[in-house]
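Try each task before you read the solution.

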Amino acid sequence: MNANQTARPFWRQGDIFFVKLESELTLEDAKPIKTGIIARGEQTGHMHRVSNPSLSDGALLTMLGPSMYLRSPETGAEIVHDEHGTLELPAGLYAVVNQQEFDGLRWRAVID
């Protein structure tokens, strides 16, 4: 990393990263994900999701093209998962990123 680059704060829950964005993003063309489900596990059936109380408090999970974003309200947002526990995110806008792995032929998302 050179001196002009700065690391963005991020939070991790298993194979999902929440990268806090410093600038606002226009989400008016984004599709809301009303269920709050971020990702479902391939093997265990568990899921990463925004808690129902957080959705009621104004948390907004959206898809804009192939990218997922979470707007956490002033009260913050809880991301829940049966195996990884609860993750508390402060207020702000986050890019939601799946961990990637290279299988020898291509990059693929890691979903536990």
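**Exercise 1.** Find which residue in β7 is the bridge partner of L64.

*Solution.* Start at L64: its bridge partner in β7 is S67. Next, look at the strands themselves (DSSP runs of E, at least two residues, numbered from the N terminus). β6 and β7, residues 67-72, run antiparallel and share 5 bridges. That's enough to call them a pair, because two strands pair if DSSP finds at least two bridges between them. Now check the turn: this hairpin has 2 residues between its strands, and G65 takes a positive phi near 65 degrees.

A quick note on the model: it is predicted, so local features need pLDDT of at least 70 and side-chain atom pairs 80 or more, while totals for chains, interfaces and linings use all residues. Residues are numbered from 1 along each chain as its sequence is written, and side-chain values use heavy atoms, leaving out hydrogens and water.

**Exercise 2.** Work out what stands opposite K31, then place its strand in the sheet.

*Solution.* K31 faces M63 in β6. β3 and β6 (residues 60-64) pair antiparallel over 2 bridges. Zoom out: the open sheet has 6 strands in the order β1-β2-β10-β7-β6-β3, with antiparallel pairing. Its edge strands, β1 (10-13) and β3 (31-32), each pair on one side only.

Terms used:
Helix = DSSP H or I, 4+ residues; strand = E, 2+ residues; numbered from the N terminus.
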